Each structure stands twice: as C-alpha cells, then as structure tokens.
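Let's take a walk through this structure together. Have a look at it first, and then we'll go from the overall picture to a few particular spots.

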Amino acid sequence: MKILVSDSLSKQGVEVLEKAGFTVVVKTKLPKEELLKEIKDADGLIVRSGTKVTAEVIAAASQLKVVGRAGSGLDNVDTPAATRRGIVVMNTPGGNTVTTAEHTMAMIFSMSRRIPQATASTKGGKWEKEKFMGVELYNKVLGIVGVGQIGGYLTKLAQGVGMQVMAYDPYLAPERAEKMGVTIVELDELFRRADVISVHTPLTPETKALINAQAIAKMKTGVMIANCARGGIVHEGDLCEALKSKKVAAAAFDVFEDEPVKPDNPLLALDNFICSPHIGASTTEAQENVAIGIAEQIVEYFTKGIARGAVNIPSVSPELLPKLQPYLSLGERVGLLQAQLLEGGLERLTVEYSGEVAGLNVAPLTIAVLKGLLTPILEDPVNYVNAPVVAKERGIEVKEVKISDAGDFASVIRVRVEAGKKSHQVAGTLYHRKDPRIIEIDQFKVEVVPDNHLLLIQNEDRPGVIGTVGHILGDHNINIARMQCSREERGGKALQIFGLDAPLPKSVLDQITNSKHILSVKVADLSKGL
C-alpha cells in the first residue's frame with residue numbers, strides 16, 4: 001500500500017504507517033500537476049488544510065481508497081466527489097479541542113491585559129505603565145455562542161479563573177447545561193449581559209454575520225469579542241467601526257473572512273484589535289494527536305476494514321453496506337430535516353423502525369439519524385463515530401423502537417424528538433427501495449423528495465395563500481422545483497412545501513413570513529445529506 005502524505009505531518013504519524021508495513025511517500029506543497037501525477041498510484045492520501053483534494057484530483061487517483069484529514073475541517077476535500085468514487089473520507093475530530101479552547105482563552109487574557117500592545121511598546125524602548133491599564137476577568141460574564149466540544153472546554157477554563165459563563169445554544173439540553181454550570185439565555189440577552197463574547201459555531205447562512213452592527217448595538221459599552229471559530233461569523237466592517245468608537249473595547253481573531261488576511265484589512269490598523277494567523281489548532285501536542293490518530297485510522301481501515309472516523313460511510317462490514325446504504329441515506333436526511341425544524345434544546349430522540357428495516361442491524365441507521373440531526377447545529381464535524389458520543393455529551397437521550405408492521409409501506413423510519421418541551425416528528429420511507437421520501441412532518445401526511453433547499457410554510461387553510469407565496473417567489477426570480485400541500489382538515493392548518501433550486505434570501509423569507517394567513521415559515525438545507 002502506498003500512502004501519500006501531501007501536507008506536513010508529525011513524524012510520529014509517519015512512523016505508525018511505516019511500522020504497519022505501508023510505503024509512505026511524503027511530498028508537501030506539490031504543484032497541481034505533480035500532485036495529479038503522484039496521486040495516480042496512491043492507495044491512501046493524508047492531508048491537512050494545504051492540499052486541495054478536488055474532484056479533478058480524485059478523478060486522477062485510480063487506486064485511491066481513503067482520504068485522511070489530520071484535523072477536523074474538511075473544507076479542502078470534495079467529499080461528495082470522493083463518495084461517488086467509493087473513496088472513504090475520514091478525519092480526526094476532537095484532536096484539537098483542548099488546543100483551540102486554550103488559544104481562545106489566551107486571546108481573552110491578551111485582550112483584558114493588552115499583552116500584545118504592551119509587548120510591542122516595551123520592545124520599542126518605552127515604559128508606558130499607565131497606558132496599558134487592564135481589566136480583571138474574575139467575576140466577569142463570558143458569553144459563549146455555541147457550546148460544542150470547544151465551547152464546552154472553554155467553559156471549564158473560564159470557570160477556573162472565576163468567570164461566570166452564560167451560553168446561547170438552542171440545541172443544548174437544560175440538564176446538560178446545569179451539569180456544566182452554564183446559564184442558558186437567548187442570544188439578545190447574551191449580547192446585553194456579557195462582558196466577553198466568544199463564538200464557537202460553524203459558519204452557516206444562519207451564523208454568517210451573526211455579530212453585526214445591530215447585534216453590537218445591544219452589547220455593553222466596553223465588551224470584548226473573540227472569534228477563533230470561523231471567519232465571517234463576525235462582520236468585519238461593522239466590528240471595525242465599533243472598535244474605532246470604543247463601543248467594543250477589544251477584539252481578537254484567529255480567523256478571517258479571507259485567508260490569508262489581506263494587509264490592507266482595516267482591522268489590522270487598529271490598536272485594540274489583536275490577531276493570529278489561524279493557529280488555534282497549532283500546538284505540538286495537537287498536531288501529534290491528529291497525526292497519530294489519522295495514521296492509526298488508516299491502518300485500521302486497510303487491515304481490519306473498520307472505517308473509524310469516516311464522514312461519508314459508517315463502520316459496517318462490506319457485505320452489509322449495500323443493503324444498508326439506502327436506509328443510511330434516508331435516516332441521515334430525516335435527521336437533517338428534523339434538526340432544522342425543531343426549536344429549543346434537544347432532550348430526547350426516539351427512532352422507530354417499522355417493516356422490513358426493523359429486521360436489519362439498525363445501530364448504524366440510528367447513528368446516521370444522529371449525524372443528520374447534529375450536523376447543522378455543531379461547529380465540529382459530526383460523523384458516524386463521534387455522533388453517539390456527542391449526543392451523550394449533550395445530554396440527549398436516544399431510544400430505538402422496532403415494529404414489524406409498516407402499514408402501507410415496506411419500511412418506515414420515524415424520528416421523534418423532544419425539544420423545548422415540545423414533540424416533533426418526521427418520518428421517511430424508500431421509494432422503490434432506493435429513493436428517500438419524507439412521508440410525515442408532525443401531523444401532516446406528505447410525500448417530499450428530501451434534497452437541496454426546502455421552504456416549509458404553515459398557514460391557515462384559506463384561498464389565495466399558495467398564489468401569494470408563488471407570486472413572491474416569482475417576483476424574485478426564485479424557481480420552484482417541486483411543490484406539495486397538506487392539511488389537517490378543511491379550514492384548519494395547512495402545510496406547503498416548496499423544493500427550491502437555491503437558498504432563499506432573507507428579504508424574501510421576511511416578505512413571506514409577513515404575508516396574510518401565514519403562521520410559520522422555515523427553511524431547510526438538505527444539500528449536505530449523505
């Protein structure tokens with residue numbers, strides 16, 4: 001087996017591969033043409049963030065069986081293209097949790113005591129003690145947006161120095177928050193009360209520019225803001241103005257919208273802005289952890305057939321996978337849709353298997369549901385290995401139920417969740433035993449193709465509502481790929497579901513929401529399904 005390592009990797013990882021008998025070729029910073037040539041006879045590829053594993057690279061790899069990312073982020077790997085070629089994509093989530101949380105805490109200390117500025121001043125031959133008056137963190141309120149693995153560990157660090165921690169995370173169960181000693185609040189309350197704000201969410205349409213001029217206006221004068229998660233969560237232009245006016249006392253970034261950050265970025269000229277070049281995961285320990293971790297996973301995959309850490313297939317036997325694959329896709333999409341419809345902290349999950357599917361080993365299917373359910377709400381990647389662990393850490397109770405009779409269908413996967421003291425239900429089946437379909441959303445019977453972008457509207461069952469929505473979409477040149485209606489009873493509540501070719505702009509969403517007879521509007525992006 002030839003394993004190509006195309007980005008710098010700790011020598012401990014290389015040693016694990018060589019000890020297992022693999023031929024390891026380490027060639028970093030390869031030009032595109034050389035990479036395409038070198039990848040042709042590689043059985044495995046290990047990358048970090050430097051190598052772009054594009055569809056073209058994957059197409060050139062005639063023998064490639066696995067791509068391993070030494071780290072968590074997979075932005076540089078075309079996972080759908082790899083999946084279509086039957087190539088396993090795996091990463092090492094959690095290997096940099098401690099390191100990134102520590103870096104965030106270091107940024108918060110640096111802001112509160114102005115350490116980088118004081119260092120530069122002193123090295124410049126000055127002794128400006130009065131200029132660098134700081135503030136204590138003891139008894140200050142840290143507001144964390146997103147309490148995943150990194151946010152959770154940051155909570156421990158902050159509590160260790162006497163900070164009070166409040167968090168906004170709509171998917172964190174109250175019982176879990178109580179055990180962590182975290183006060184759950186709404187986002188606006190966090191903005192109003194926090195002395196320091198740190199974001200730890202994925203970058204999604206919902207979180208892009210989450211902290212903008214409107215959000216900053218709600219904050220305390222003198223607030224400090226840290227972003228060691230993803231560039232773009234904090235609007236850089238709005239933050240720059242707030243730093244100039246001293247509404248925001250200080251900000252610290254490890255990530256930027258455009259990386260490498262451009263030298264003319266106006267934030268870099270501000271004395272109360274500190275930054276680092278995306279090094280949150282850059283410690284010796286973290287790099288050794290992820291290098292050894294990905295090496296061991298690749299060895300295990302080639303020697304035992306176990307795909308530990310895989311993001312695009314579960315760890316099941318090759319013989320069983322073809323039969324399970326359609327149900328895995330269905331389960332993940334049902335979970336993905338459910339996650340984008342529920343409101344409040346997720347507390348319990350019941351996955352009900354009815355009909356033929358109940359006779360299979362459903363453990364991987366439940367994991368697929370969890371993966372879909374957790375993917376939209378967590379900063380760190382969720383895969384078939386860590387989904388159960390993440391659910392347990394967040395206090396989510398998971399239950400499986402098997403029923404022999406599926407009624408009018410051969411098989412049904414029904415996902416019930418309890419969140420925010422409410423119950424929600426989504427059910428799906430396979431059309432011709434291969435194509436996923438959603439057949440229930442709460443009390444509504446439907447038949448929905450779960451792909452791309454869905455617009456779901458609950459409305460009063462009145463004439464003209466469908467026409468109003470269609471007119472608004474048409475006016476904004478938004479194409480409707482599919483459409484379906486369902487209702488409880490004549491004159492009661494109705495559900496409209498539109499399949500759209502592209503995401504819905506917020507302005508259009510607001511216009512639909514404010515239309516007559518509309519009760520609720522939700523959007524769901526299912527393009528990330530299996």
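Before we use that, two notes on what you're looking at. This is a predicted model, where local features need pLDDT of at least 70 and side-chain atom pairs count only at pLDDT 80 or more, while totals for chains, interfaces and linings use all residues. Residues are numbered from 1 along each chain as its sequence is written, and side-chain values use heavy atoms, with hydrogens and water left out.

Now the big picture. The protein has 17 helices and 22 strands; these are DSSP runs numbered from the N terminus, with helices being H or I of at least four residues and strands E of at least two. Its radius of gyration is 25 Å, close to the 24 Å that the globule rule gives for 530 residues, so the protein is as compact as a globular protein of that length. (That radius is taken over C-alpha atoms, and the rule is 2.2 Å times the number of residues to the power 0.38.) Along the principal axes, the C-alpha atoms fill a box of roughly 80 × 65 × 45 Å. Of the 530 residues, 52% count as buried, where buried means under 20% relative accessible area, exposed over 50%, and partly exposed in between, using a 1.4 Å probe and protein chains only.

Let's start at M1, in the segment before β1 (2-5). With a relative accessible area of 45%, M1 is partly exposed. Leaving aside neighbours within four places in sequence, M1 is in contact (heavy atoms within 4.5 Å) with F22, T23, D43 and F302.

Next, find helix α1 (residues 11-19) and helix α12 (residues 284-304), which pack at about 15° with their axes 7 Å apart. That makes α1 roughly parallel to α12. On the α1 side, Q12, G13, V16 and L17 meet a set of α12 residues that includes E288, A291 and I292. Sorted by class, this contact has seven nonpolar, two polar and two charged residues. Here Ala, Val, Leu, Ile, Met, Phe, Trp, Tyr, Cys and Pro count as nonpolar, Asp, Glu, Lys and Arg as charged, and the others, Gly among them, as polar.

At 15% relative accessibility, S110 counts as buried. Beyond its neighbours within four places in sequence, S110 is in contact with I115, P116 and I274. The axes of α5 and helix α7 (residues 149-160) come within 8 Å and cross at roughly 50°, which makes α5 oblique to α7.

Finally, how do helix α16 (residues 465-475) and helix α17 (residues 506-513) pack? Their angle is about 160°, with the axes 10 Å apart. The two helices, α16 and α17, are therefore roughly antiparallel to each other. V469, I472 and L473 of α16 make the contact with V508, Q511 and I512 of α17. By class, the contact of α16 with α17 has five nonpolar, one polar and no charged residues.

Note on methods: Axes are lines fitted to C-alpha atoms, for helices over the stretch in contact, and angles run from 0 to 180 degrees between N-to-C directions. Angles under 35 degrees count as roughly parallel, over 145 as roughly antiparallel, 65 to 115 as roughly perpendicular and the rest as oblique.
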